[in-house]
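Please look through the sequence and the model below before reading on.

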Amino acid sequence: MNTSMMVGRCLRNMLLWLCLTLTMISPSWAQNAPATEPEEAGLATDDEDAFAAPVVVDGEELFVVRGSSALPATARAEKVQERLEAVAEASDATEVDVKLLENEFGIEIQIDGRMITITTEADATYEKFDLDILAGLQAEAIEKSILAYRDDRSGAARVGSAFAAIIWTILFAAISVLFFRKRQQLVEFVTRTIRKQFATVEEKTQAVIRGKAIAAIAGYLVNVMLWVGYLALFYYYLSFVLLSFAETRPVAELLLNYVSQPLANFARGVIGFIPNLIVLGIIAAITRTVLQAVALFFSNLEQGIFALGDFEKHWIAPTNMLVRLVVVIVALVFAYPYIPGSDSRAFQGLTILAGVMLSLGSNTVVSNMMAGLFVIYRRSTNIGDRVQIGDKTGDVVEIKLMETLIRSTKNELVSIPNSQLLNSEVVNLTRKIDGRGLLVHTTVGIGYEEPPAKVDAMLIEAARRTKGLKKSPPPFVLWNKLADFAINYEINAFTSRGEELPKILSDLHRNIVAVFNENNTQIMTPFYTADPDVPKVPNTEWDGTLNGDEK
């Protein structure tokens, strides 16, 4: 055999995998046409495997035969294949003797005097051909298959197959050497490059970025991708080597189908999805434009370029979020029919399941979200206000959609669900109502024997000494209760420093005790048993020293 024939056979085997891939992407008429015909042939479509099966030789489908309940199509196809291979192996001749003989079952096809198959009326009905035409086509396919079978197993073909396998092996060996020598270098190069880039960003922006960690992750991903690529090349190398030999070609085609068929299906799906993808792109572009317009509108509103009547500034952010959410929801509604698989039962079932889960498990979430909107828009409190909610007092730090965060007077961060905030009394200690400020008050009990005017004067004096209480309007005293053993006097004074209320009350109490001690008057609250011989007031000033202190 000359060199040109060897090279030709080698190239033919090397390019055969391309033909297989093209065949997967563009299925032939023989693969697709019969799929729509069983009902027209009057046969049951729910048992198709028993009534139609292809005759396959060396991985190539020749034609389809029909079967019956007595002789299933698969068994008949296997018998035809066995006879064909037996005739092909019986001789090395480059020509075959083909005869078509009529018998009671149809037209018998003989090759070199041996019966291969009988073309029946059922086959002709299934293929929608005349019986003699179909028999001729099947005989021609059998003849070509036998000659190809013998040619693929000839000495020249063996040499060509071995030559192709050697070429594939050399190529894969070269790739393997390059992979194992350069893989680590490539990973280190990527890691080093990313680390330098992040170092430059950190230097220019003065930002703390963990460049080493990100570079390590990138290097790991590159390493994984390289190994995946190498294993994929090994998979195809093994398939192509097996494809080079006629005996192992069915195994090679099976291996290729495990990967190539899903990839081909995916490619066909992507191509078929292009029109929907264009529509989704248009919807996404329109949605993006609308969102940009909304952001520009609220940005100008926040900067004060224009105003909307009584629209308050702290409403801008939540309103912007709500409008953007509505735009996205409308876009999703329009895009839903064009999403891949949206019309499938699985997708619809998943959507229903998600809806049921949200409806059953999101009552608290939805109530908190709605309450958050009411809290934001009803103006009961703003960020920075000192509020009292139940037994919690503190400054509002942040109002979220689900919760409100306050910093207590003890510097604790307290999270209050918005549903609780909506259903509770909120005392705003910062908000001004009439300009006079917040009215601070506290109560003391003084015995009936003390002149009320004196008590009033002492309480007003304590209020005047307290820093943070206004002198105008002036403090005043109310008689809160005529108790069994004392009169409960309530001192009231205005302040504009609601955020300092705990400190102001503490100073007021301190000054009340000081003033009453200075005037030798006993405070009888909260309990009273009997009049003591000596008033319970300190007689001397503290020298500033505690027992046990080191001198």
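**Notes on the predicted model**

1. Asn320 is buried, since its relative accessible area is 19% and buried means under 20%, exposed over 50% and partly exposed in between, as found with a 1.4 Å probe on protein chains only. Asn320 has its place in helix H9 (residues 316-335), where helices (H or I, at least four residues) are DSSP runs, numbered from the N terminus. When its neighbours within four places in sequence are left aside, Asn320 is in contact with Val294 and Phe298, contact being heavy atoms within 4.5 Å.

2. A word on the basis of these values: this is a predicted model, in which local features need pLDDT of at least 70 and side-chain atom pairs count only at pLDDT 80 or more, while totals for chains, interfaces and linings use all residues. Residues are numbered from 1 along each chain as its sequence is written, and side-chain values use heavy atoms, with hydrogens and water left out.

3. Helix H3 (residues 73-89) packs with helix H5 (residues 131-152) at an angle of about 50°, and their axes are 9 Å apart; axes are lines fitted to C-alpha atoms, for helices over the stretch in contact, and angles run from 0 to 180 degrees between N-to-C directions. This makes H3 oblique to H5, because angles under 35 degrees count as roughly parallel, over 145 as roughly antiparallel, 65 to 115 as roughly perpendicular and the rest as oblique. The contact is made by Leu84, Glu85, Val87, Ala88 and Glu89 of H3, together with Ile142, Ser145, Ile146, Tyr149 and Arg150 of H5.

4. The structure holds 13 aromatic pairs, where rings of Phe, Tyr and Trp (its six-membered ring) pair if their centres lie within 6.5 Å, and planes under 30 degrees apart count as stacked, over 60 as edge-to-face and the rest as tilted. One of them joins Trp227 and Tyr230, whose ring centres are 6.1 Å apart with planes at 90°, so the pair is edge-to-face. Trp227 and Tyr230 both lie in helix H7 (residues 211-243), 3 residues apart, which is about one turn of the helix. Trp227 is partly exposed at a relative accessible area of 33%, whereas Tyr230 counts as buried at 12%.

5. The rings of Tyr235 and Tyr236 are also edge-to-face, because their planes are at 85°, with the centres 5.8 Å apart. Tyr235 is partly exposed, with a relative accessible area of 24%, and Tyr236 counts as partly exposed at 21%.

6. Ring pairs also link Phe172, Phe179, Phe180, Trp227, Tyr230, Phe234 and Tyr237 into a cluster.

Definitions and conventions: Helix = DSSP H or I, 4+ residues; strand = E, 2+ residues; numbered from the N terminus.
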